[in-house]
Amino acid sequence: YDIKTHDAEYVRANKDLYEKQLDVYAYIWQKLRGQQLDHTAIIATSFSHGLMRAIQQRDQQQIDVEFANWQPLIEIPFDQVHVDKTIEEFGKVVDRIEENKFEPPSLDHMKSRLPGDNQAFVTRVCRNCDARFSCQPYREYGMSGRDKSSAGHRKYINDLGDEIDTEDWKTVNLENSNIPGLDET
């Protein structure tokens with residue numbers, strides 16, 4: 001099992017997004033424990049829309065109904081052959097990362113809508129990525145100025161800190177760079 005704070009409807013509509021992660025977990029479990037697995041699942045802890053609405057309205061009868069209908073356990077197909085393929089793909093991704101051979105998704109892909117909840121890829125995926133502020137397509141998306149929040153987004157992306165922070169950042173990065181002929185005196 002993997003516990004996610006995601007909406008169950010989204011998980012059900014996008015099982016393939018979770019399958020590979022669970023394949024990696026299954027592989028680790030099987031190698032560490034020496035036990036085979038038969039099933040994997042996601043536990044989606046986000047309340048359903050109906051349950052949220054009933055809670056907001058403080059309607060105990062409707063809360064009881066919605067809670068009884070809430071199904072946070074979503075089984076994800078498990079296939080050992082698929083696990084082995086995922087681990088092979090995972091190894092190739094790690095190799096590409098170690099060789100600095102990776103690219104972010106295109107700006108068009110970031111703008112695309114995901115099935116299930118129709119959120120933009122950039123909202124669902126990029127927002128949770130630790131490398132988003134060093135990602136050129138993400139910066140382009142943030143600087144595009146298409147919506148009301150873009151001004152705040154643009155300001156955040158361009159905020160490099162105060163002058164001291166910026167100078168410290170430059171100094172540290174120059175000291176740690178491997179630029180041939182850089183005079184460090």
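Biologist: Is Asp-2 buried or exposed?
Modeller: Asp-2 counts as buried, at 11% relative accessibility. Please bear in mind that this is a predicted model.

Biologist: Which residue does Asp-2 form a salt bridge with?
Modeller: Its partner is Lys-4, and the closest N and O atoms of the two are 3.3 Å apart. Lys-4 is buried as well, since its relative accessible area is 16% and the cut-off for buried is under 20%.

Biologist: What stands opposite Lys-4 in β2?
Modeller: That is Ala-44. The strands concerned, β1 and β2, pair in the parallel sense, over 4 bridges.

Biologist: And how many bridges join β2 to β3?
Modeller: There are 4 bridges between β2 and β3, and these two strands run antiparallel. Ala-41, for instance, stands opposite Glu-75 in β3.

Biologist: In what order do the strands form the sheet?
Modeller: The order is β1-β2-β3, in an open sheet of 3 strands with mixed pairing. The edge strands are β1, residues 2-7, and β3, each of which pairs on one side only. From one strand to the next, the twist averages 35°.

Biologist: What holds paired strands together in general?
Modeller: Strands of a sheet pair through backbone hydrogen bonds, in either a parallel or an antiparallel manner.

Biologist: Back to charges. How many salt bridges does the structure hold?
Modeller: It holds 5 salt bridges. One of them joins Glu-9 to Arg-12, with 3.5 Å between the closest N and O atoms.

Biologist: Where do Glu-9 and Arg-12 lie?
Modeller: Both are in helix α1, which covers residues 8-13; they are 3 residues apart, about one turn of the helix. Glu-9 is partly exposed at 44% relative accessibility, and Arg-12 is also partly exposed, at 32%.

Biologist: Which residue forms a salt bridge with Lys-101?
Modeller: Glu-99 does, and the closest N and O atoms are 3.7 Å apart. Lys-101 counts as exposed, because its relative accessibility is 54% and exposed means over 50%. Glu-99, with a relative accessible area of 46%, is partly exposed.

Biologist: New topic: how many aromatic pairs are there?
Modeller: The count comes to 2 aromatic pairs. In one, the rings of Phe-47 and Trp-70 have centres 5.2 Å apart and planes at 80°, so this pair is edge-to-face.

Biologist: Which parts of the chain does that pair link?
Modeller: It links distant parts of the chain, with Phe-47 and Trp-70 being 23 residues apart. Phe-47 is in the loop between β2 (40-46) and α3 (49-56), while Trp-70 is in the loop between α4 (60-69) and β3. Phe-47 is partly exposed, with a relative accessible area of 32%, whereas Trp-70 counts as buried at 16%.

Biologist: And which residues form the tilted pair?
Modeller: Those are Phe-67 and Trp-70, at 5.8 Å centre to centre and with 45° between the planes. Phe-47, Phe-67 and Trp-70 form one aromatic cluster.

Biologist: Now helix α8. Which of its residues are buried?
Modeller: In α8, residues 136-143, the buried residues are Pro-137, Tyr-138, Tyr-141 and Gly-142. They cover an arc of only 140° around the axis, so they lie on the same side of α8.

Biologist: How far apart in space are Pro-137 and His-109?
Modeller: They are 9.6 Å apart, C-alpha to C-alpha, and 28 residues apart in sequence. His-109 lies in helix α6, residues 107-111, and is partly exposed, with a relative accessible area of 38%.

Biologist: Finally, confidence. Where is it lowest and where is it highest?
Modeller: The lowest confidence is in helix α9, residues 150-158, at a mean pLDDT of 56, and the highest is in strand β3, residues 73-76, at 94. The chain averages a pLDDT of 81, and 78% of the residues score at least 70.

How values were computed: Residues are numbered from 1 along each chain as its sequence is written. This is a predicted model: local features need pLDDT of at least 70, side-chain atom pairs count only at pLDDT 80 or more; totals for chains, interfaces and linings use all residues. Side-chain values use heavy atoms; hydrogens and water are left out. pLDDT is the predictor's confidence in each residue, from 0 to 100. Buried means under 20% relative accessible area, exposed over 50%, partly exposed in between (1.4 Å probe, protein chains only). The arc is that of the directions from the helix axis to the C-beta atoms. A salt bridge is a side-chain nitrogen of Lys or Arg within 4 Å of a carboxyl oxygen of Asp or Glu. Rings of Phe, Tyr and Trp (its six-membered ring) pair if their centres lie within 6.5 Å; planes under 30 degrees apart count as stacked, over 60 as edge-to-face and the rest as tilted. Two strands pair if DSSP finds at least two bridges between them. Axes are lines fitted to C-alpha atoms, for helices over the stretch in contact, and angles run from 0 to 180 degrees between N-to-C directions.
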